[in-house]
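Have the model open while you read.

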Amino acid sequence: MAKRIEVNGLDIYYGNFLAVQGVSMTIQPQSVTALIGPSGCGKSTFLRTLNRMHELVPGARVEGKVVMDDQDLYGADVDPVNVRRQIGMVFQRPNPFPTMSIYDNVVAGVKLNSKRMKKADMDALVERSLRAANLWDEVKDRLSKPGSGLSGGQQQRLCIARAVAVQPEVLLMDEPCSALDPISTMAIEDLMMQLKSEYTIVIVTHNMQQAARVSDTTGFFNLKAVGEPGGLVEVDATDKIFSNPSVQATEDYISGRFG
Amino acid sequence: MSTTPTTSESREAGPVGPDKADLQPARLTHGSLPRRAAPGVLLAAAVLGAALWLLGVFGPVAATLLAAALYTAGLYLWSRSVEGARKAFDRFVTAMVTSAFLLALLPLVSVLFTVFDRGFERFDAEFFTYSMRNVVGEGGGVHHALFGTLIITGLATLIAVPIGMLTAIYLVEYGRGRLARYITFFVDVMTGIPSIVAGLFAVALFQLFLGPAARMGVMGAVALSVLMIPIVVRSTEEMLKLVPNELREASFALAVPKWRTIMKVVLPTAAAGIGSGVTLAIARVIGETAPLLVAVGMTTSDNFNPFDGRMATLSVFSYTQYASPGVPPVFSLDRAWAAALTLILIVMVLNLLARLIARFFAPKTR
Amino acid sequence: MPPTTEKTRTRGAPQRPGDRIFAAASTGSGVLILVILAGVAAFLVSEAWPAITAPAEDIPGDDSFVVYVWPLLFGTLLSAFFALLIATPLAVAIALFITHYAPRRLAAALGYVIDLLAAVPSIIFGLWGVAELAPRTVEPTRWLEENLGFIPLFEGPASATGRTILTISLVLAVMILPIITSVVREAFLQTPRLHEEASLALGATRWEMIRMAVLPFGRSAIVGGAMLGLGRALGETMAVAILLSPSGNVSFNLISSANPSTIAANIALTFPESSGLTINVLIASGLVLFAVTLLVNMGARAVINRRREFSGAN
């Protein structure tokens, strides 16, 4: 069910400000694609254009093509809500809904859209999603408790369970571990390795070791110069990027000479 | 009252130069009042004030004011002679600021005491079960006015809350650019409309359709809603702004349309605060008198139909009982105070309710 | 850079009916508020117009509308001005006490106590003013007449009932105290901690710190809060209507029993027994009050908003 995304000549604007210029890349299905680069180079902005979250910022717009399944996500009559149904997202800080229980958080995507579902099906969906997020054993006895009572790492896995419960094709992760301790980070990374058999995963991370550990493909984003828009410098197999990149700037960044 | 002096800042510290060793070490201490100086002076002043009151030289209020003045002056002079002018002035300001606060408590305490004291004279079962129909002199009650107040305020709430909440949603979730700025500004301005003007607005509005003699409950409700809308907008807006943007994004990322996100994520998260704000807004308008006096008028009998003629309300009842008492006036005045007591109790219960709503319906974390 | 850059639409995407209805409803409510405010002005003008254009002999008092409303406007401004004079310094001191002198844990509770003053209905302040406050002002006003009678404000003869402009100003001051306090308190709380610590580090006493850091920062909030309070005092009706013994003269004498009335109180006292053109006259006087308070409030908001922009608090 995972799908391939082709990005072609994507320019991303905030109003008249060109933030990211000329991104073209292919995101492979059933693999983890990591986006790395210094702060402010447009990785997260790019990630948010993949499920049309970018346009929630007033004045934000894009030019270019993002094609999934022969369909341009930015085509004239594409409903962004339908795009997001197929491309889920996990955020930097865990954000479970504070008014909902753990159970309700998992099925939020179903319930918020007022879909009818049998209780047994719903229970099964909750268990399946929580198991997929490696959280089932920890919370199965307190599903009716508020989700905000969990630890940070558990909350983030709850958010992943919530994202996979709507059965998307693609999972976008925006620095999902940056607010977590090392042990929780490891749990999330293990989870990503499992999830990639079913989903296309794109992760933005500041942590280069993490990119090296979990990803199959790595894209390096950078600013051309101060005041210039950011852009994709190169994208290649993760092994190649970390051992023998073809662009000097990538090597400088990887080896810690800047950024 | 005042804080006790702690280690004071150095002010006579000598210049710090390269040949520090030749100089006296900078002094970090200097003359200061004993730790219990402030409470001591206060006690002395209070005793003196109490003595003058008990001896009948002054009334209680004058004696209190005198004691406060004595305390301020005494502490200032003592501190000035020991600690210097700057420290003394600091103590003086502390005493003044504290007195200002206590002074503001004086009317509050006095109002509450007076209302409870005089209101209890007629605060009985008859007062709440009888109207003023055919009552001359003793007896009678506020049955008609109590329900009139509840009906009119309820109607006003029904008008004001949807408009106010939707406007707040517009301002927080949709509003951009000039229209939003205008609305924000004029909502602020609207909070300052005098209540009597709101009453006149309702009169002028209905006069166009129903002629000059029209007095109806719904006219009062319209007037009150004009006063209530800006309060509801403001408090709802504050609460919606407190909802973290992350929750909206989480919901959008789950493919939930914007309006469902607002209805099912944003509003429930802010529900406690909004409920509390609406309750406070009700408390604010339920005691309004002037707009109801001109728009609804007064009657002596039960009339619970807000679309048919004059209705009685607690506040206007209290006013008319006071303004046109019978002979002897005492029964009428007692009723006025009892109605005032009822009103203040309702307001206090609403205020308390607002706090409880905010506390118990806030999103739980555990 | 790939050759094809196709401009995509992000605005024109099809909207769900739910989204469209909801956006329209909330925008409509916002616009409705502007309409209501314009409606308040429009209806008042349309009902006031007959009074403004009416021949003098039809106006109560057999003179033009301006002559009718002038003493009322004077009384409104006089009582509100003195209320402001009493309340503003007190409110600043209370705000200081709550933000910088009271123990931190108590601050919220103390603020709530002051807010309780705002919750008391104005009719109750009126009853209280007549029953409790007015009799207590009789002695002091007599003293003022004897000792400071050379000042026109205290010329006397002192009222024997205490129902004077001075008493009204005191009650109004109590009533506008909470609103001024809350605006000023808000600003004082936002004083940058660094400014405060900077002046303390220079060896300032607490008062010197407040004078150097807190008061300058809160200055426009004090002005704005005071103007908001002024707006409240101008429009206050019932407390004045109950306390007042109107005579319709124009005088600065604060302590005599012959007082100018105020616009709001005059409406409340006269309206219930009025008919015909008198109602139009009263609505016209209400329009004058509306205009005055609107100006004051717009000024206040402009001052407060400007401070907000410059403070960097957002």
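This is a predicted model: local features need pLDDT of at least 70, side-chain atom pairs count only at pLDDT 80 or more; totals for chains, interfaces and linings use all residues.

1. Chain A overall. The secondary structure of chain A comes to 11 helices and 10 strands. Along the principal axes, its C-alpha atoms fill a box of roughly 55 × 45 × 30 Å. The radius of gyration of chain A is 18 Å, which agrees with the value near 18 Å that a compact globule of 259 residues would have.

2. Packing in chain A. Buried residues account for 51% of the 259 residues in chain A. If you take the contacts in chain A between residues at least 6 apart in sequence, 70% of them join residues at least 24 apart.

3. The hairpin in chain A. Have a look at strand β9 (residues 217-223) and strand β10 (residues 230-237) of chain A, which pair in the antiparallel sense over 7 bridges. β9(A) and β10(A) form a hairpin with 6 residues between them. In the turn, Gly227(A) has a positive phi of about 90 degrees.

4. Thr218(A). This residue lies in strand β9 of chain A, and it stands opposite Asp236(A) in β10(A). Is Thr218(A) buried or exposed? Thr218(A) counts as buried, because it has 27 C-beta neighbours inside 10 Å and the cut-off for buried is 20 or more. Leaving out residues up to four places away in sequence, Thr218(A) touches Ala34(A), Ile36(A), Ala211(A), Asp236(A), Thr238(A) and Ile241(A). The C-alpha atoms of Thr218(A) and Val235(A) are 5.7 Å apart in space, with the two residues 17 apart in sequence.

5. Chain B, annotation against model. In an unreviewed entry, UniProt lists residues 37-55, 61-79, 91-116, 145-171, 183-210, 216-233, 265-286 and 336-358 of chain B under "transmembrane region". I checked two of these spans. Residues 183-210 of chain B are 86% helix and 0% strand, with end C-alpha atoms 31 Å apart. For residues 216-233 of chain B the figures are 94% helix and 0% strand, and the end C-alpha atoms lie 26 Å apart.

6. Domains of chain B. Chain B is divided into domain 1 (30-118) and domain 2 (128-360). The C-alpha centres of domain 1 and domain 2 of chain B lie 41 Å apart.

7. The B–C contact. How many residues does each chain put in? The contact takes 77 residues from chain B and 69 residues from chain C. On the side of chain B that touches chain C, the largest share, 20 residues, comes from helix α3 (residues 85-119) of chain B. By class, that side of chain B has 53 nonpolar, 16 polar and 8 charged residues.

8. Phe361(B). You'll find this residue in the segment after α13 (330-360) of chain B. Phe361(B) has 16 C-beta neighbours inside 10 Å and so counts as partly exposed. Not counting residues up to four places away in sequence, Phe361(B) touches Ala271(B), Ala272(B) and Gly275(B). The C-alpha atoms of Phe361(B) and Thr269(B) are separated by 9.5 Å, although the residues are 92 apart along the chain.

Methods
Residues are numbered from 1 along each chain as its sequence is written. Chains are lettered from A and ligands numbered from 1 in the order in which they are written. UniProt positions are given in the numbering used here, feature names are shortened, and annotations may be inferred rather than shown by experiment. Helices (H or I, at least four residues) and strands (E, at least two) are DSSP runs, numbered from the N terminus. The radius of gyration is taken over C-alpha atoms; the globule rule is 2.2 Å times the number of residues to the power 0.38. A residue is buried if 20 or more other C-beta atoms lie within 10 Å of its own, exposed if 12 or fewer, and partly exposed in between; C-beta atoms are placed from the backbone. Two residues are in contact if their C-beta atoms, placed from the backbone, lie within 7 Å. Ala, Val, Leu, Ile, Met, Phe, Trp, Tyr, Cys and Pro count as nonpolar, Asp, Glu, Lys and Arg as charged, and the others, Gly among them, as polar. Two strands pair if DSSP finds at least two bridges between them. Domain bounds come from an automatic or database domain assignment.
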